[in-house]
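Dear colleague,

I am passing on the structure below, together with some notes on what turned up in it. Please read them alongside the coordinates and let me have your comments.

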Amino acid sequence: MKNMTSVLHYHDRTKHRLSRYAASLGYMDWATQPNPFRRYEHAPILPLIHSEITPPYHLLFQKEPLPVAPLCLESLSQLLRYSLGLAAIKSHGGSEWALRCNASSGNLHPTECYIITPATLGVCDHATLSHYAPREHALEILHTYDEPLAEGTLLLALSSVIWREAWKYGERCWRYCQLDAGHAYQAIKIASSMLGWECEILSVDTAEIASLCGLDQHERFDAHERESPDMLLRIGKSNNGVLPITPSLSYMANTLSPAHHDWPVLEVIDRSTHGLYPSVEPLNTIRAVPLPSKSTGEIILKRRSAQMMDGSAITQEQFRTLLDSSLFCSDTPDVHFILFVHRVEGLEKGMYAYVRNKNAFASLRDAMDGIFRWEDCGDSLCLLQEGDYRGAAQMISCNQEIAKEGAFSFGMLCNFSSSLEKHGAIGYKNLYHQCGAIGQMLYLEATSLGLSATGIGCFLDDEFHALLGLRDQRYQSLYHFTIGRAIVDTRITTLKPYSSASKRLSSFP
Ligand SMILES: Cc1cc2nc3c(=O)[nH]c(=O)nc-3n(C[C@H](O)[C@H](O)[C@H](O)COP(=O)(O)O)c2cc1C
């Protein structure tokens, strides 16, 4: 009960409102900017390899999964390279920064990944615990287990360095960390599909994840830079739920910032949302196989957030394909879209609902204002009200023009109170993971269609809810998004990552 009160308090307190944004520093404290790359000093390094051949994107969605790749150094390298690896190095005005395959709020990348492998050809002849170092595309070996682990089962644990986001976003940042974790999860899921591997979130206690990865060994981390366990993923066969026991580790985490700001509410929300990770009932609809497309690797590396949109229209087929692609995220049954359609050929401008889980039609309708038309447009899309919502979309998205100049923008409206009732306080965390996973999927789908997307974490929560006429907390919007055609800033140079030209990326030790 106490945890639930903390969740509701945090949720309300970190809403952006017209009258005031959620608490943050209000300026960029460049002197304390966190290093986006976690390293474990003196840990042995295993360089991973770069393989460029990946299957065509559309084949990931056919009924028959792709042939199952054996677990070896090459396949593990490909999994990490195309999920959490660097996608590009950007350079402008004398500074350089890395972009990754997984999108992240403010490009701050709070998500870290730990890998538990059984004895694997080219990796180690014993089971190991390692940490992925994206800048080096390498594993830092943290521990070698004496006892064997189930062959063919790979575990990946995701955790968040909350400080990385707190540095810029203050109290609202915990939400962004969770959305980012969802993005990382879906990035891993897509990269797994390339290898014919299935990937699922295990319903385990977050304390077990912390113990497995040594995150509960607090003395190894700066007190402000500890990692909070998010989720444990299993790829491959079931391992009967038995996790290896990780002893005390000797490698110390690097320090990410020379000084820190305290946001006490972040500790409270983090503590309140630990526990047994929910097991959700998956969606039972599947996405259609898209048209033949480029190689998955090419799409993943090309994915970029649009910073400006050109205001052009997209076709209705593209629009419907984008919505349909979200069904690939079958473990996101609690998320629906309320869309502001600005420019989609053959569709009236207006506000629409895309009800991703048919069971929710009646309750959504009941929760929202009675004036809406709910006119069936096919495939779970309903016109709520025609009209020009460009101004509203921009206003709700903290005045960001991309929400107006995209072909459409939308809010991810979640079954809020029922999820919290069902799963407890950790259900709050899971809802963000669901939204983030959908976000990563839509980024990739947009890229495959020659379009661009941008996740929008900055939105005015209750202004959006008021527009829908929501009177209670049955539904809450937890993430916004826009898709259209990007205007590319040609002043910024793009370099290939991991090439000699981009090896200079050294602003952090
Ligand atoms: C959870 C989340 C929230 C975001 N919110 C915004 C936003 O409000 N406005 C914006 O312009 N970009 C937003 N972005 C886009 C990020 O700034 C972008 O992902 C990051 O700079 C990395 O660039 P990339 O996506 O091209 O790799 C968001 C991304 C994520 C994952």
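A search of the whole structure, which is a predicted model, finds 23 salt bridges. One of them joins Asp 12 to Arg 17, with the closest N and O atoms 3.1 Å apart, and Arg 17 also forms a salt bridge with Asp 462, where the corresponding distance is 3.3 Å. This second pair links distant parts of the chain, since Arg 17 lies in the loop between helix 1 (2-13) and strand 1 (45-47) while Asp 462, 445 residues apart from it, belongs to helix 14 (residues 461-468). Asp 12 is partly exposed, at 36% relative accessible area, and Asp 462 is likewise counted as partly exposed, at 28%.

Another salt bridge is formed by the side chains of Asp 230 and Lys 429 (4.0 Å, N to O). Asp 230 sits in strand 9 (residues 227-236) and Lys 429 in helix 13, so the pair ties together parts 199 residues apart in sequence. Asp 230 is buried, with 0% relative accessibility, and Lys 429 is buried as well, also at 0%.

Turning to the sheet, seven strands form an open arrangement in the order 12-13-11-10-14-16-15, with antiparallel pairing. Strand 12 (375-376) and strand 15 (452-456) each have a single partner strand, so one side of each is left without a neighbour in the sheet. Helix 13 (residues 426-448) packs on this sheet and touches strands 10, 14, 15 and 16, its direction making about 10° with that of strand 16 (475-484). Strand 10 (residues 335-341) pairs with strand 14 (residues 408-415) over seven bridges, and Ile 338 has Gly 411 as its bridge partner in strand 14.

Technical notes
Residues numbered from 1 in each chain as written. Predicted model: local features only at pLDDT ≥ 70, side-chain atom pairs only at ≥ 80, totals over all residues. Heavy atoms only, no water. Pairing = 2+ DSSP bridges. Helix = DSSP H or I, 4+ residues; strand = E, 2+ residues; numbered from the N terminus. Contact = heavy atoms within 4.5 Å. Axes fitted to C-alpha atoms, helices over the stretch in contact; angles between N-to-C directions. Buried < 20%, exposed > 50% of the residue type's maximum accessible area, 1.4 Å probe, protein only.
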